[in-house]
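Let's learn to read a structure by asking simple things about it. Have a look first, and then we'll talk.

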There are 2 protein chains.
Amino acid sequence: MKIKSISIVFLAFLFCCILSTTANSQPQSIMGFSPEAAQNQITLEKTFDQLVRPEHLDEWMKYMSARPHHVGSPYDKKVVDFMAEKFKNWGYEVTVESFQILFPTPKVRLLEMIQPTAYTASLAEPPAEGDASSALTAEALPPYNCFSIDGDVTAELVFVNYGLPSDYEELEKLGVDVKGKIVLAKYQGSWRGIKPKVAAEKGAIGCLIYSDPGDDGYFQGDVYPEGPFKNEYGVQRGAVMDLPSSPGDVLTPGYGATSDAKRIPKEEAPSLTKIPVLPISYHDALPLLKALQGPMAPTNWRGALPLPYHLGPGPAKVHLQLEFNWDMKPAYDVIAKWPGSTLPDEWIIRGNHHDAWVHGAADPISGLVTLMEEARVLSELAKSGYAPRRTVVFCAWGAEEPGLIGSTEWVETHEDELKKKAVAYINTDGTSRGYLFAGGSHSLEKFFSEITEVVDDPVKKVSVLKRRNAVELVNNRPSWSYYQLGALGSGSDYSPFFQHSGIAAFNLGFGGESSGGEYHTMYDTYEMYKRFKDFDFAYGAALAKVAGRTTLRLANAEILPFEFQHFTETVDTYTEEVIKLAETLRAQTMKENKLIEDGSYLLTADPSETFVLPKVKEAVPYFDFSPLENALTQLKAQAAKFDELIKKGVKTGQNYTALNQVLKDMERTLTRSEGLPGRPWFKHFIYAPGFYTGYGVKTLPGIREAIEQREYKSVNTQIEKVAEVLQLYSGKIEQANKLLE
Amino acid sequence: MKIKSISIVFLAFLFCCILSTTANSQPQSIMGFSPEAAQNQITLEKTFDQLVRPEHLDEWMKYMSARPHHVGSPYDKKVVDFMAEKFKNWGYEVTVESFQILFPTPKVRLLEMIQPTAYTASLAEPPAEGDASSALTAEALPPYNCFSIDGDVTAELVFVNYGLPSDYEELEKLGVDVKGKIVLAKYQGSWRGIKPKVAAEKGAIGCLIYSDPGDDGYFQGDVYPEGPFKNEYGVQRGAVMDLPSSPGDVLTPGYGATSDAKRIPKEEAPSLTKIPVLPISYHDALPLLKALQGPMAPTNWRGALPLPYHLGPGPAKVHLQLEFNWDMKPAYDVIAKWPGSTLPDEWIIRGNHHDAWVHGAADPISGLVTLMEEARVLSELAKSGYAPRRTVVFCAWGAEEPGLIGSTEWVETHEDELKKKAVAYINTDGTSRGYLFAGGSHSLEKFFSEITEVVDDPVKKVSVLKRRNAVELVNNRPSWSYYQLGALGSGSDYSPFFQHSGIAAFNLGFGGESSGGEYHTMYDTYEMYKRFKDFDFAYGAALAKVAGRTTLRLANAEILPFEFQHFTETVDTYTEEVIKLAETLRAQTMKENKLIEDGSYLLTADPSETFVLPKVKEAVPYFDFSPLENALTQLKAQAAKFDELIKKGVKTGQNYTALNQVLKDMERTLTRSEGLPGRPWFKHFIYAPGFYTGYGVKTLPGIREAIEQREYKSVNTQIEKVAEVLQLYSGKIEQANKLLE
């Protein structure tokens with residue numbers, strides 16, 4: 001079906017219908033809008049909703065996920081051209097920016113067990129019945145971990161659970177050392193790139209990562225193609241660069257990978273893994289695990305394969321040989337701007353990546369088609385006279401999969417312009433059915449919450465907020481009057497905007513009622529999506545309504561809808577958490593040391609098993625949290641005052657330019673130019689991905705990670721840095737307050 | 001090796017050595033002993049320890065577990081004769097009492113899947129390599145559940161998790177009904193007999209029980225014979241009579257199954273199951289579970305078989321045909337008495353059963369050989385002039401496996417004599433390596449705790465109390481200055497003594513460091529025990545020292561070592577628990593009803609799955625716990641006074657006959673002749689096996705189960721009954737106090 005522009009006549013008719021309906025209903029306020037503007041905005045949004053057509057999502061997904069379209073592939077270029085043309089046709093100013101990036105692809109992948117029996121891993125995902133896409137292997141990248149180094153290693157195998165630092169502590173107690181060994185880690189528990197990073201720190205010389213059916217396979221339900229879960233051959237591809245140190249092109253760390261950029265030699269790139277790493281299926285992991293002996297893995301390490309999970313080392317001995325094509329490839333960012341009617345130099349940026357590991361119907365196309373439909377509808381509205389006041393920039397990022405590269409390079413390249421113009425960044429990625437999951441800047445939480453009250457769940461016909469609250473209640477969690485935003489870690493393109501450049505950001509999506517095992521496999525296809533995911537794109541349409549409102553309200557607001565009480569309360573909670581963390585770690589350390597010293601551990605060690613008594617750990621000192629607490633007190637006062645002042649309401653026609661300039665730059669105040677300890681690229685001092693979790697967020701990261709990693713000396717320094725940041729933030733609010741007075 | 005009597009000369013020499021050692025050490029007190037008697041007792045115990053010979057345990061186990069020796073088998077008679085002769089040789093007065101009991105054995109066992117594919121269950125346990133005993137199938141009972149009724153049923157299958165009442169509530173929510181179906185339940189979570197009982201209550205027409213490898217198989221470790229865990233063919237046999245209603249012979253409920261006893265017709269026996277039931281291996285369960293479809297089982301129901309656990313019903317349809325030989329068989333109780341030198345009419349009874357499901361090396365021989373060695377050593381000591389003051393009765397029970405029958409019939413037959421003479425009953429059953437696990441009457445907790453301070457763990461060389469405390473500390477549980485006795489439920493021969501006759505009791509054993517899957521299978525053999533259990537019988541010897549001291553101290557004490565502060569504190573804890581239980585159930589019910597009524601459950605139901613909204617439950621009323629609390633106040637006062645008075649110490653030569661008579665009957669005061677609601681055989685009002693747990697204890701059972709089963713009307717009645725019991729108990733302590741004053 002070809003998409004036609006809806007005639008302006010029809011649109012005007014729609015508006016009239018809606019105006020006549022809303023005129024009778026209770027006037028509704030919107031943060032940042034005067035009463036008059038709010039009424040117009042509500043009408044606009046209702047028209048928006050009526051224009052959203054799920055069948056577009058379906059049609060575009062079918063086209064864009066028809067062939068593998070990873071970075072540098074022929075079909076990725078086709079997808080880019082398809083989108084660029086669409087945006088142009090809809091009336092956008094379109095540029096396709098291209099960055100030259102290092103993108104290794106596999107040349108040799110060999111994994112064989114050579115002792116005690118011989119086994120050669122298949123490393124292949126056979127076509128699934130009824131899924132024609134899954135048979136299109138010719139253009140597809142086979143399973144591999146991108147940014148693994150080349151390597152040819154042979155060693156005994158050790159099973160290391162999820163390969164987290166705590167797992168290695170456990171192994172040490174059990175007398176198992178991974179030095180000179182190849183580790184076999186389960187996917188999950190951390191971002192995959194953490195596994196080879198920690199394994200290398202511990203002296204391992206190779207790393208295999210597999211999806212255990214207990215986490216991701218038949219334990220969840222019927223496997224593909226009978227059901228949506230991971231079959232025995234499915235392998236999760238994915239990047240393993242040191243993402244929590246810095247994402248983006250590994251040869252241009254911290255600056256744009258433009259054609260003329262200086263590149264560091266590959267050998268000096270700090271982000272590559274230190275050891276070769278390969279992902280495998282549970283079909284291929286089974287014989288390896290079966291051949292392990294040695295102590296049993298701790299109970300909570302064991303998966304759902306039909307065998308006793310032993311740790312090794314050996315007798316299983318494996319040979320892993322990996323060679324990659326270390327090629328430069330183009331990462332294309334499609335940038336489509338609709339200039340703001342009033343404030344063209346204030347940008348609301350809406351992004352989703354387009355590159356996939358294979359077909360990527362769910363990841364990323366499901367989110368991308370939502371973005372495209374938002375862009376189409378916005379253009380219809382704009383063309384009929386309802387152009388956004390601020391500039392809206394729609395972005396389809398390339399090379400997200402290997403490490404958020406397209407977005408990172410764009411942000412790094414346009415840093416100065418973004419500092420001046422960017423108000424907020426709204427990200428999506430793969431999306432499906434169920435509950436709205438949203439993370440973001442807590443200074444926009446109240447603003448966002450209003451949106452969740454007016455967009456309905458397409459099946460349950462209640463607001464997405466109400467549905468989310470119901471699930472909190474059922475799961476014995478507190479229910480809130482507003483929508484609690486999650487804190488952003490990493491794992492998608494908001495990271496460079498938010499954590500590097502300090503631009504207020506959101507990450508949005510639906511999920512929770514259509515789990516599956518397709519992620520980064522050959523089976524993330526249109527066929528799969530239509531059977532097991534958001535088959536009628538009803539939730540895709542709902543996401544367009546949520547993200548569309550977020551974009552349009554930010555674009556049209558008279559006063560940018562930031563406020564600071566939600567943020568303050570959130571940071572207050574984080575502060576309580578880190579204080580509690582120090583207390584807990586102190587008590588645990590004392591207790592643990594006591595059990596070591598009073599002989600309890602030795603007394604309870606099973607004499608038939610190896611037990612290595614852990615070393616006594618340095619006691620956790622008391623820290624000075626008072627600078628943070630004092631900064632919070634100040635922040636609370638200013639935030640309350642802002643709340644007081646803003647309650648007076650927005651006045652039509654008043655000039656809020658100076659105020660909006662202050663508000664726009666608030667989030668950036670939470671960054672520091674020197675960045676976090678050991679990873680200067682990450683500049684946000686409230687939120688970061690965890691250094692040892694990868695995607696998972698660590699709030700107040702400098703403080704929290706110093707405590708967690710027992711770097712006691714830097715805790716007080718980090719407390720002071722956060723306190724300074726919060727003082728500057730309070731100062732900014734004070735400025736805003738003065739402008740409001 | 002033949003056991004020879006140790007010469008009295010050598011024994012006298014031993015005594016002298018120990019006396020000369022202990023003379024120099026700090027005098028040690030023992031509850032119930034005057035200082036002089038305590039010193040003699042300590043010397044006696046040290047001699048006892050030196051005489052215990054682990055090699056006897058080994059030799060006797062090898063003989064007694066050489067062939068299958070279930071109830072009525074030729075080898076069971078041989079085992080009985082072997083023991084009787086041993087006891088006679090050691091100088092005991094031995095009688096072998098025989099009861100004629102109904103003991104069904106399998107005639108036809110057929111389980112086949114007829115849809116969607118054909119599969120006939122093997123129902124067989126092949127011999128294990130290196131275990132000659134496991135090949136002796138000719139005399140062995142094949143896997144079956146004893147006291148299943150005959151049946152021939154064909155129906156669709158439903159997977160019901162552990163088959164607990166709460167599991168059926170969950171099934172109801174998921175829209176799965178078991179009416180007219182055959183259920184497949186996992187072993188564990190409750191005593192096995194509960195599974196067909198609840199299944200029948202819910203309308204199922206047949207019941208299969210299997211051991212899931214997640215609970216009992218490769219998930220734990222290497223399977224037999226490589227390791228100790230259950231291999232795919234192992235099947236747990238076992239009784240499924242309605243044990244929590246009453247144990248013992250099903251044709252003579254409540255009275256002894258003597259040759260002339262009246263027997264009810266089998267058809268009227270209330271204890272038989274209502275539907276046919278058969279235990280199967282995970283090898284046989286695998287194809288059945290694979291053939292199930294329908295909703296996925298809740299996550300925590302799923303086991304470790306390599307498949308998605310669906311609930312059904314069907315399409316798997318199975319045919320179950322069971323016929324039994326409903327024969328009368330003899331249950332032999334070997335009763336060996338050593339008459340007390342001073343108080344022959346006060347009995348300390350020490351028992352362990354001898355019948356097994358097959359070879360029963362662990363269950364029950366490991367405990368039985370311990371008892372025999374205690375008896376041998378006691379006879380050596382007695383013959384050398386250190387006879388016990390009270391009569392010691394060693395008992396080897398028959399027919400424990402089908403339902404505590406030998407002990408129950410003996411207690412029922414000798415009820416009047418036991419009422420007059422029994423001071424306490426000390427039970428053991430299967431035992432192995434690790435920690436001392438002891439349950440019993442809390443009026444003997446302080447007494448028992450003293451013993452745990454002076455018997456050492458044979459590997460760690462610290463007291464068993466200290467080792468137990470270490471494991472509590474390591475597992476974040478409170479550590480106690482004394483040994484906390486567990487509360488006794490059911491599952492071994494203490495039940496008729498304790499819960500039916502109100503005789504103070506103990507159940508003792510070591511375990512926790514030699515888990516395995518041999519329980520009630522063909523693989524519970526001497527070979528298995530020597531490889532994977534208490535291979536050198538070091539812990540068997542330690543158990544002999546613990547149980548031997550328990551017996552000897554009770555036999556020799558001048559004042560019977562009961563006290564009431566531990567008991568009072570324990571009942572206080574139970575009272576807090578039931579009050580909390582009512583509160584929790586009330587809050588849960590309110591919350592659950594709210595989630596039903598406010599639509600939260602419907603809002604969170606996944607639209608792709610069946611969800612049946614549960615019915616609103618009757619609100620939990622407030623109960624009057626004050627009679628119980630008042631009774632406790634009274635009890636606390638009397639217990640404190642007793643403690644005060646007994647602290648004055650035991651005086652050598654004083655006559656404590658009247659006091660001891662009161663103390664001896666204390667536990668019986670906790671029983672009521674009408675018994676617990678719906679199960680009059682269980683007369684103890686503080687401890688009982690749970691009506692829906694089977695073995696697992698329910699303390700304050702009348703109150704607790706009325707709350708749990710939402711029989712609100714009887715809660716206050718039950719509170720009053722327990723209050724009355726405690727008032728009588730306080731009155732008895734008051735009598736004792738008067739005698740002490």
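This is a predicted model: local features need pLDDT of at least 70, side-chain atom pairs count only at pLDDT 80 or more; totals for chains, interfaces and linings use all residues.

Q: How many helices and strands does chain A have?

A: Helices (H or I, at least four residues) and strands (E, at least two) are DSSP runs, numbered from the N terminus. Chain A has 21 helices and 16 strands.

Q: What does the radius of gyration say about chain A?

A: The radius of gyration is taken over C-alpha atoms, and the globule rule is 2.2 Å times the number of residues to the power 0.38. For 741 residues, a compact globule would come out near 27 Å, and the 26 Å of chain A agrees with that. Along the principal axes, the C-alpha atoms of chain A fill a box of roughly 80 × 60 × 55 Å.

Q: Which domains is chain A divided into?

A: Domain bounds come from an automatic or database domain assignment. Here they give domain 1 (8-100 + 329-443 + 486-556), domain 2 (102-327) and domain 3 (565-740) of chain A. The C-alpha centres of domain 1 and domain 3 of chain A lie 31 Å apart.

Q: How many residues make up the contact between domain 1 and domain 3 of chain A?

A: Two residues are in contact if their C-beta atoms, placed from the backbone, lie within 7 Å. Domain 1 of chain A puts in 21 residues and domain 3 of chain A puts in 24 residues. On the domain 1 side, α2 (35-51) and α13 of chain A are the elements that give two or more residues, and α13(A) gives the most, with three residues.

Q: Is helix α9 of chain A mostly covered or mostly open?

A: Start with the cut-offs: a residue is buried if 20 or more other C-beta atoms lie within 10 Å of its own, exposed if 12 or fewer, and partly exposed in between, with C-beta atoms placed from the backbone. Helix α9 (residues 405-413) of chain A is mostly covered, as eight of its nine residues are buried. W410(A) is one of the buried residues, and what covers them includes β1 (93-115) and α10 (415-421) of chain A.

Q: Is S449(A) buried, exposed or partly exposed?

A: S449(A) has 19 other C-beta atoms within 10 Å, so it counts as partly exposed. S449(A) sits in helix α11 (residues 445-454) of chain A. Leaving aside neighbours within four places in sequence, S449(A) is in contact with L465(A), Y482(A) and Y483(A).

Q: Which residues and elements does chain A bring to the contact with chain B?

A: The contact takes 29 residues from chain A and 29 residues from chain B. On the chain A side, α12 (464-474) and α17 (600-604) of chain A give two or more residues, and the largest share, five residues, comes from α12(A). The copies meet through the same surface, because 100% of the interface residues of chain A are also interface residues in chain B.

Notes:
Residues are numbered from 1 along each chain as its sequence is written. Chains are lettered from A and ligands numbered from 1 in the order in which they are written.
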